[in-house]
Amino acid sequence: MSTARAAMVCAPVRARGGVRARARGAVRRVTTRAMGPELRESVDAFVRENKVVLFMKGTKAAPRCGFSNTCVQILQNMNVPFADVDILANEDLRQGMKEYSSWPTFPQLYIGGEFFGGCDITVEAFKDGSLKEELERAMME
Amino acid sequence: MSSVEEIERLLTDALAPTELDVVDVSASCGSAFDVSIVSAKFTGVGRLQRHRMVHEALGDVMSRVHAMKIDAKAP
């Protein structure tokens, strides 16, 4: 999709440990496979540069999980441009994003650089209108 | 694999729900569940954090199952 995406997916993960807490109020589970600083920085930059990012199983053209597909349908329905990242293509990214977001499952939706939620939250927010508000706010920034 | 009973016990212990409905939606394979929970502990807590409280209560169950649909509300 973009060079930023390619860089993130290809970022090597050699370092272990040294992970700092990122999400406010999140309970951090210690895993044996910490997200390396290079990958973390790539994700930081990617979610900053792209206003809406969906970390998903498969791609928006070919989702490989019903929950990821649901989020793609919602975002497409709202006519919002978004970047898709296939976490199945990179095991380090897949494990790392669980830690980065303090969230155990996929899809993971980022809006304006912030973790917004998984599938249930996205569906709920789509229905109650708060997703639209959040997207509009991010687009105006 | 996990069971409805295990999930109910973990959520009951951690969150003292006033309403709790756990359904195995994987044809009783123990790999996908729908959880609907109402707890006073969610009062004043945002949507994201309510889900995180459920994830935390479920611990390793989250990594063992394929899917966990969560509806977490305050009374």
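Visitor: Why is A:C65 called buried?

Guide: Buried means under 20% relative accessible area, exposed over 50%, and partly exposed in between, using a 1.4 Å probe and protein chains only. A:C65 has 11% relative accessibility, so A:C65 counts as buried. A word on the background: this is a predicted model, where local features need pLDDT of at least 70 and side-chain atom pairs count only at pLDDT 80 or more, while totals for chains, interfaces and linings use all residues. Residues are numbered from 1 along each chain as its sequence is written, chains are lettered from A and ligands numbered from 1 in the order in which they are written, and side-chain values use heavy atoms, with hydrogens and water left out.

Visitor: Why is the meeting of A:D128 and B:R47 called a salt bridge?

Guide: A salt bridge is a side-chain nitrogen of Lys or Arg within 4 Å of a carboxyl oxygen of Asp or Glu. For A:D128 and B:R47 the distance from N to O is 2.9 Å, so the pair qualifies. Chain A and chain B have two salt bridges between them.

Visitor: How many residues does each chain bring to the contact?

Guide: Chain A brings 21 residues and chain B brings 16, where contact means heavy atoms within 4.5 Å.
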